[in-house]
Each structure stands twice: as C-alpha cells, then as structure tokens.
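Keep the viewer open and follow along from the chain contact to the ligand.

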Amino acid sequence: MINALRNGDIRALSRAITLAENDVPLSDQLVNHKNGSNVVGITGAPGVGKSTLINAYINQLRADGKTVAVLCVDPSSPTSGGAFLGDRLRMSEHANDPGVFIRSLSARNHLGGLCKNIENIIKVIKFTNAWDTIILETVGAGQSEVEVAKIANCKIVVLVPGYGDEMQAMKAGILEIADILIINKSDMPGAHHSAKELKAMLRLRPKSDWDVPVLMSTATENEGICELIETVERFKVSTH
Amino acid sequence: MTNNNLKYPPRVLVTKIGLDGHDRGSRIVAAYLRDAGMEVIYTPPWQEINAVVNLALQEDIDVIGLSSLATDHLIAPDLMIALRDAGLDHIKVIVGGIVPANEHGMLEDAGISKIFEPGALREDIVESVATLAANARSSRRDFEEASL
Ligand SMILES: Nc1nc2c(ncn2[C@@H]2O[C@H](COP(=O)(O)OP(=O)(O)OP(=O)(O)O)[C@@H](O)[C@H]2O)c(=O)[nH]1
Ligand SMILES: [Mg+2]
C-alpha cells in the first residue's frame, strides 16, 4: 500500500482514504511526511456556490499546469446516518482529467463542517506528493465550519449578494476565520453594495498584517477566479 | 486486520449511462439507499463510461446501480469491461428498470450481479445492495491489509 501510494497509484490513494476515514491509524512514515501542498478551505452557507467555485478554481489551476485534489464533505442524515454526496457533480467536467482527484466524504454526524478523520485523510494525500493544491469544501452549515480554520492554510469564506442569512453566521464567527472573503453570484443584483458593506465592516477591525480582502466572483462564468488564486498565493507568501 | 473487518456504510453510485434521460427511478432508489444509511453518489443521466469508472475509482465505490428504462442496459457489458480494465472488478453492478426477459442472460454473463424489475420492493433493493457491498469488499484482492 505504502509503495503504491508513493507511486501515485490512484486505486491505492482512494483505498487509503477509505481506511483513514474509517479510523485506521497512520504509520509514522505518513505522519512525519513533509509536503508543501497548499491546503485551501472553502466554506459558506448552503447553496452559495462553493462547489461551482471550486470547479472554476480547478479550471484555472489546470490551465496553470497545477494538479489538484479536492475533498468535499457533505452532511449526513442524523437519523439514518446515510448521505447524498453531491458536490462533485458540479465538477464533472474534470471527470477524466488525471491531474484532478475528487473525493466525497460524509460528515457522519461529526460537527464542525468536516469529517472526523479529515486531518489524516489530508496526510494520506500529501504523502503521495502528487497534488500541488488540496481544496476542502465544508458542509454548508453556515455556522459550524470553524474547524476548517485549524486545518486549511488559507480559508475562503463564500457569501452571496445580500448575504442576509450569513449575517447570522457572522455572529457565530464564520467571518472571523476568513483569510479571504468572496462574494459569489456577483451576476446577481446587489453584489457591489454587499462588497462595500463588508469592507466597511472589516475596517472596524484592529489592523493586522493581513487585511482580509473582499473579492467578487461569478463561478458559473469562471469570473473572478484569477484574482482569487492570486490572492491565495499572496496570502501564502504573507504568512511565510 | 483486513479490510473486511472495517465496518462502514456501503458506498454506492447510482447512475445512468446511455441516451435515455428518465431519471425518476434512479432518484427514488438513491433516496431508498441513503435512507437506509448508505453513502450515495447520484449522477444525472447520460454519463460516459470512462467518467463512471473514474468516479468509482476516486470514490472507492462498492456497488454501482445502473438504471435502464430503454436500451441503456445494452451497454452495461461495456462498463463491466472498463471496470475490469481499471482494476475495479471487485465492484458489484446491478441494473434496475425495464430489461426484457431474453436479455437477462446476456447481463448475467457480463457479470451484472442483479437485475431489479419495476415494482421491486424497497427492502429487497436495500438488502441486496448491502449484501453486494459486503461481497465487494471481501472479494477485493488488492490492498487487503488495512494498515497505512
Ligand atoms: N447566478 C449564479 N449562480 C451560481 C453561481 N455560482 C453557483 N451558482 C448556482 O448556485 C447553485 C448552488 O451551487 P453549488 O456550487 O452547488 O453551491 P454549494 O455552496 O456548493 O452548495 P452546498 O454544497 O449544497 O452547500 C447552483 O445552481 C449553481 O449553478 C454564480 O456565480 N452565479
Ligand atoms: Mg457544494
């Protein structure tokens, strides 16, 4: 398994993720492996366009010749424990690209927007040295995704124009975790107004080394993605 | 410990290959399976065989459910070959929908595990998928050791 993983065998990677997901502990080799993949977390309320944005993000990374692994976490039913894992359907144009690996995970009632063993799963992916960027899509729960803050190098919080519901989330700290804010669905009315409001709100914060930028995107049209990726890069440099 | 000792929900792909676009049946079955505690990926119709194989590979799928209301099942054998070529012959494939009696033999010969006719009972579908998922895992011969 370890050798197959190291050789970039996708069947091994897929299997290893299942094992890690199901509580199989990692050997020291995997735990201690050093790899510089950028782990980008994407969070935001249900339906704001996280998966669509990731699809556009993949488009751009692939155009730049970068490989990308995506982990999409979907909510599970609290009663049956079952889950529909639907995020990857927004990324199906990459189905046959060997430079893109997409894996769907059920939250299995774990709170916090990710799944219990997400850190080990990321270690498994990093061990392959095959993926330049690792993107995490959290459950679109709106309030409880703060866990991603511990795990991702760069946290992107997605909002939509008007973001009325997200004001609730803000109280719960979702804005506090953002390294980058992005208003998706900017083709809808009110995007500029929302961006202005957000910027005004952010100005009330104490100054810091990284001023959280407010970007705009229309993920369905691949618009605003170059700027997003540049900003992620800039953030990476600024935190080094 | 081997993989077979790991207990986790069946991972099922419910999909449609071919040209027919009626997806009511597959939606219903996907919901049955999810409500029975399974982890289900449901795709829209018209999937390419390669895309189905890659999805099953990346998602470590145990069972694929194909819905066929017209002639889609006639390309099911192509999917079986593609799965084998990708080293995924442990994955069990079932077909649900309208399959003329004289074509059942052809599907069984191609390695389809089970055919469900319209009117199949929810309990039967769920139980069959659960059993097949367990079989898929125990018939797996690659990476048998569950250690990392
Ligand atoms: N108009 C418009 N629609 C968009 C845009 N981005 C996404 N959508 C649509 O918004 C809907 C939800 O998109 P998803 O990408 O599934 O949203 P999500 O945040 O991943 O949703 P969950 O994972 O269910 O929380 C889809 O119908 C998308 O087509 C955009 O920039 N503009
Ligand atoms: Mg999504």
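A salt bridge here is a side-chain nitrogen of Lys or Arg within 4 Å of a carboxyl oxygen of Asp or Glu. By that rule, 5 salt bridges are counted between chain A and chain B. Please keep in mind that this is a predicted model.

**How the chains meet**

- Chain A brings 38 residues to the contact, and chain B brings 38 residues as well.
- Between them, chain A and chain B bury about 3,100 Å², with 58% of that on carbon and sulfur atoms.

**Polar and charged links across the interface**

- One salt bridge joins the side chains of Arg88(A) and Glu59(B), at 2.5 Å from N to O.
- Polar contacts across the interface of chain A and chain B come to 24 residue pairs, with both residues at pLDDT 80 or more.
- On the side of chain A that touches chain B, at least two residues each come from α1 (2–6), α2 (10–21), β3 (83–84) and β4 (100–106) of chain A.
- With 10 residues, α2(A) gives the most to that side of chain A.
- By residue type, the side of chain A that touches chain B has 21 nonpolar, 10 polar and 7 charged residues.

**A sheet that crosses between chains**

- Strand β3(A) pairs with strand β2 (residues 39–42) of chain B in the parallel sense, over 2 bridges.
- Within β2(B), Ala83(A) has Glu39(B) as its bridge partner, while Phe84(A) has Val40(B).
- These strands belong to an open sheet of 6 strands with parallel pairing, in the order β3(A)-β2(B)-β1(B)-β3(B)-β4(B)-β5(B).
- At the edges sit β3 of chain A and β5 (114–116) of chain B, each pairing on one side only.

**Around ligand 1**

- There are 17 residues around ligand 1, of which Lys50(A), Ser51(A), Thr52(A), Arg90(A) and Asp187(A) come nearest.
- From Thr220(A), a polar side-chain atom lies 3.4 Å from a nitrogen atom of ligand 1.

**Salt bridges in the whole structure**

- Over all chains, the search finds 18 salt bridges.
- Among them is the pair Asp97(A) and Arg62(A), whose closest N and O atoms are 2.7 Å apart.
- Asp97(A) lies in the loop between β3 and β4 of chain A, and Arg62(A) lies in helix α4 (residues 50–63) of chain A, so this pair ties together parts that are 35 residues apart in sequence.

Technical notes:
Residues are numbered from 1 along each chain as its sequence is written. Chains are lettered from A and ligands numbered from 1 in the order in which they are written. This is a predicted model: local features need pLDDT of at least 70, side-chain atom pairs count only at pLDDT 80 or more; totals for chains, interfaces and linings use all residues. Side-chain values use heavy atoms; hydrogens and water are left out. Contact means heavy atoms within 4.5 Å. Buried area is the accessible area (1.4 Å probe) that two parts lose on being put together, summed over both. A polar contact is a pair of N or O atoms within 3.5 Å; within protein, one must be able to donate a hydrogen and the other to accept it, and residues adjacent in sequence count only if both atoms are side-chain atoms. Helices (H or I, at least four residues) and strands (E, at least two) are DSSP runs, numbered from the N terminus. Ala, Val, Leu, Ile, Met, Phe, Trp, Tyr, Cys and Pro count as nonpolar, Asp, Glu, Lys and Arg as charged, and the others, Gly among them, as polar. Two strands pair if DSSP finds at least two bridges between them. A residue is near a molecule or strand if one of its heavy atoms lies within 4 Å of it.
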